[in-house]
Amino acid sequence: MPEVLGIGHLALTVSEVKRSADFYNRLFDTQTVVDMEDEYGPFVAVASPAFVLGFRTHGTTDRADAFDPARVGLDHCAFHVADRAALEAWESRLDEQGIAHSGIVEDPSGLHLNFRDPDNIAVEFYRPAGQG
């Protein structure tokens, strides 16, 4: 089996690339590393030492559309964290930024802290059960 080193980046189709980049830059203290337009439309990417997120608006993207996890494609994006204390820190950060969230929820698979980005994309901070 060929080896992979992890996910290099995640690119999301959004209604407004700059709004999405601003949201994630504020949330993660990332930096915008790409801001361009090509034959597909505007594209912005933000980066941290751990990941890169890209945001694309295609020429045919309906600007009034919103994410729906029931449609084919992405269900949600989860960022793993080390422990409950890290989840609590993220919960405080979401509160500081006025981002509505689920609070920390525990189920047999682990601890979850869920929220939505400006396009209603489901995002989660997650601590799998049985780790650590």
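Predicted model: local features only at pLDDT ≥ 70, side-chain atom pairs only at ≥ 80, totals over all residues.
Residues are numbered from 1 along each chain as its sequence is written, and side-chain values use heavy atoms, with hydrogens and water left out.

Helices (H or I, at least four residues) and strands (E, at least two) are DSSP runs numbered from the N terminus. Two strands are taken as paired if DSSP finds at least two bridges between them. Contact here denotes heavy atoms within 4.5 Å.

Strand E8 (residues 122-128) pairs with E5 in the parallel sense over 4 bridges. Within this pairing, Tyr-126 of E8 is the bridge partner of His-80, and Phe-125 of E8 stands opposite Phe-79. With E7, by contrast, E8 runs antiparallel, and 7 bridges join the two strands; here Val-123 of E8 stands opposite Phe-115. E7 and E8 form a hairpin with 5 residues between them, and Asn-120 in the turn has a positive phi of about 75 degrees.

Burial was assigned from relative accessible area (buried under 20%, exposed over 50%, partly exposed in between; 1.4 Å probe, protein chains only). In E8, 7 of the 7 residues are buried, so the strand is largely enclosed by the rest of the structure. In a regular strand the side chains alternate between the two faces of the sheet. Both faces of E8 are covered, with Ala-122, Glu-124, Tyr-126 and Pro-128 buried on one side and Val-123, Phe-125 and Arg-127 buried on the other.

The loop between E7 and E8 contains Asp-117. This residue is buried yet has no salt bridge, and the nearest side chain of opposite charge, that of Arg-19, is 6.8 Å away. For this assignment, Lys and Arg count as positive and Asp and Glu as negative, while His and the chain ends are not counted. A polar atom of the Asp-117 side chain lies 2.9 Å from the backbone nitrogen of Asp-119. Residues up to four places away in sequence aside, Asp-117 touches Phe-23 and Tyr-24.

The structure holds 6 salt bridges, each defined as a side-chain nitrogen of Lys or Arg within 4 Å of a carboxyl oxygen of Asp or Glu. One of them joins the side chains of Asp-119 and Arg-19 (3.1 Å, N to O). This pair links distant parts of the chain, 100 residues apart: Asp-119 lies in the loop between E7 and E8, and Arg-19 in helix H1. Asp-119 is buried at 5% relative accessibility, whereas Arg-19 is partly exposed at 31%. A further salt bridge connects Arg-93 with Asp-29, the closest N and O atoms being 3.2 Å apart. Arg-93 is in helix H2 and Asp-29 in the loop between H1 and E2, 64 residues apart; Asp-29 counts as exposed at 56% relative accessibility. The side chains of Asp-35 and Lys-18 also meet in a salt bridge (2.4 Å, N to O). Asp-35 belongs to strand E2 (residues 31-38) and Lys-18 to helix H1 (residues 17-28), 17 residues apart. Lys-18 is partly exposed, with a relative accessible area of 45%.

Thr-57 is located in the loop between strand E4 (52-56) and E5 and is buried, at 0% relative accessibility. Its side chain reaches the backbone oxygen of Val-14 at 2.8 Å. Polar contacts are pairs of N or O atoms within 3.5 Å; within protein, one atom must be able to donate a hydrogen and the other to accept it, and residues adjacent in sequence count only if both atoms are side-chain atoms. Leaving aside neighbours within four places in sequence, Thr-57 is in contact with residues including Val-14, Ser-15, Tyr-40, Pro-42 and Arg-63.
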